[in-house]
Amino acid sequence: MIDLVTLSDKNYLINGLILYDSLKQNVTSDFTLHYLCLDDIVYNTLKKLNYINIKLYSLKIIEESEDWRFLINNTENRSIDKSDGQSTFHWALASVFTNYLMEIEDRPLLYIDSDICIYNDIGIIFDKMIDYNVGLITHKHISPNEWSSVGYYNVGIIYFNNTEEGKSCLKKWKNCVIGKDRSYPNYKSCGDQKYLELFTSW
């Protein structure tokens with residue numbers, strides 16, 4: 001069994017469904033896609049579809065956590081809209097939800113943005129990463145030593161092992177993103193993403 005993590009509101013629901021379809025076509029292992037539903041439309045639609053490999057979570061699980069106050073106070077709380085399709089509030093939820101799952105599941109987790117399609121068996125990632133704490137992918141247009149506001153690593157797919165080091169890194173990332181830890185102000189230039197450059201030092 002492998003555990004995958006994603007989230008979306010209604011605007012990205014079609015993307016989430018395509019992600020799920022690509023997983024069904026390419027993943028040979030048993031998997032669970034833990035799906036954080038950011039509104040009732042997503043939750044009710046996925047509940048009606050009743051896909052066997054999707055486990056649904058309401059945003060209420062985050063609203064009831066101690067991180068919610070930091071999340072609301074330190075990110076721009078607005079819906080993804082057609083003007084730019086971006087929201088620091090939504091970006092922050094990737095780290096918050098993944099950390100929440102790690103605390104209750106205590107299993108290796110692979111976070112995937114809901115607008116990504118999978119074309120190969122991602123079970124290979126879990127096999128290759130078993131002895132590592134964290135797995136990141138790079139942007140292909142930024143060199144390692146080049147300063148960039150968006151960062152060297154891409155937040156679209158991130159692996160966290162349930163080792164002490166992996167869990168500690170995930171928690172520190174979450175705390176930075178929601179404003180609980182303000183030790184790295186120069187890394188908040190692209191929501192949750194540029195913080196990934198710090199993972200090697202955490």
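1. Let's start with a charge and a ring. Lys172 lies over the face of Trp202, and the distance to the ring centre is 5.6 Å. Keep in mind as you look at this that the model is a predicted one. How exposed is Trp202? Its relative accessible area is 23%, so Trp202 is partly exposed.

2. Trp202 also has a ring partner, Tyr184. A pair of aromatic rings is described by the distance of the centres and the angle of the planes. For Tyr184 and Trp202 the centres are 5.6 Å apart and the planes meet at 55°, so this pair counts as tilted. Both residues lie in the segment after H7, and because they are 18 residues apart in sequence, the pair ties those parts together. Tyr184 has 22% relative accessibility, so Tyr184 is partly exposed too.

3. Now step back to the wider group. Which residues make up the aromatic cluster that holds Trp202? They are Phe160, Trp173, Tyr184, Phe199 and Trp202. In the whole structure you can find 13 aromatic pairs. One of them is Phe160 with Trp173, a stacked pair with 5.9 Å from centre to centre and 25° between the planes. This pair links distant parts of the chain: Phe160 belongs to strand S6 (residues 153-160), Trp173 belongs to helix H7 (residues 164-178), and 13 residues separate the two. Are Phe160 and Trp173 buried or exposed? Both are buried.

4. There's another charge-over-ring arrangement to click on. Here the charged end of Arg69 sits over the ring of Phe70, at 4.6 Å from the ring's centre.

5. Next, have a look at two helices. Helix H4 (residues 67-74) packs against helix H5 (residues 88-105) at an angle of about 150°, and their axes are 10 Å apart. Why call them roughly antiparallel? Angles over 145 degrees count as roughly antiparallel, and therefore H4 and H5 get that label. The crossing of H4 past H5 is right-handed. Which residues make the contact? On the H4 side they are Trp68, Leu71 and Ile72, while H5 brings in Phe89, Ala92 and Leu93.

6. Last, a quick stop at Leu49, which you'll find in helix H2 (residues 40-49). Leu49 has a relative accessibility of 37%, so it counts as partly exposed.

How values were computed: Residues numbered from 1 in each chain as written. Predicted model: local features only at pLDDT ≥ 70, side-chain atom pairs only at ≥ 80, totals over all residues. Heavy atoms only, no water. Phe/Tyr/Trp six-rings, centres within 6.5 Å; stacked < 30°, edge-to-face > 60°. Helix = DSSP H or I, 4+ residues; strand = E, 2+ residues; numbered from the N terminus. Buried < 20%, exposed > 50% of the residue type's maximum accessible area, 1.4 Å probe, protein only. Lys NZ or Arg CZ within 6 Å of the ring centre and 35° of its normal. Axes fitted to C-alpha atoms, helices over the stretch in contact; angles between N-to-C directions. Parallel < 35°, antiparallel > 145°, perpendicular 65-115°, else oblique. Left-handed = near helix turned anticlockwise from the far one by under 90°. Contact = heavy atoms within 4.5 Å.
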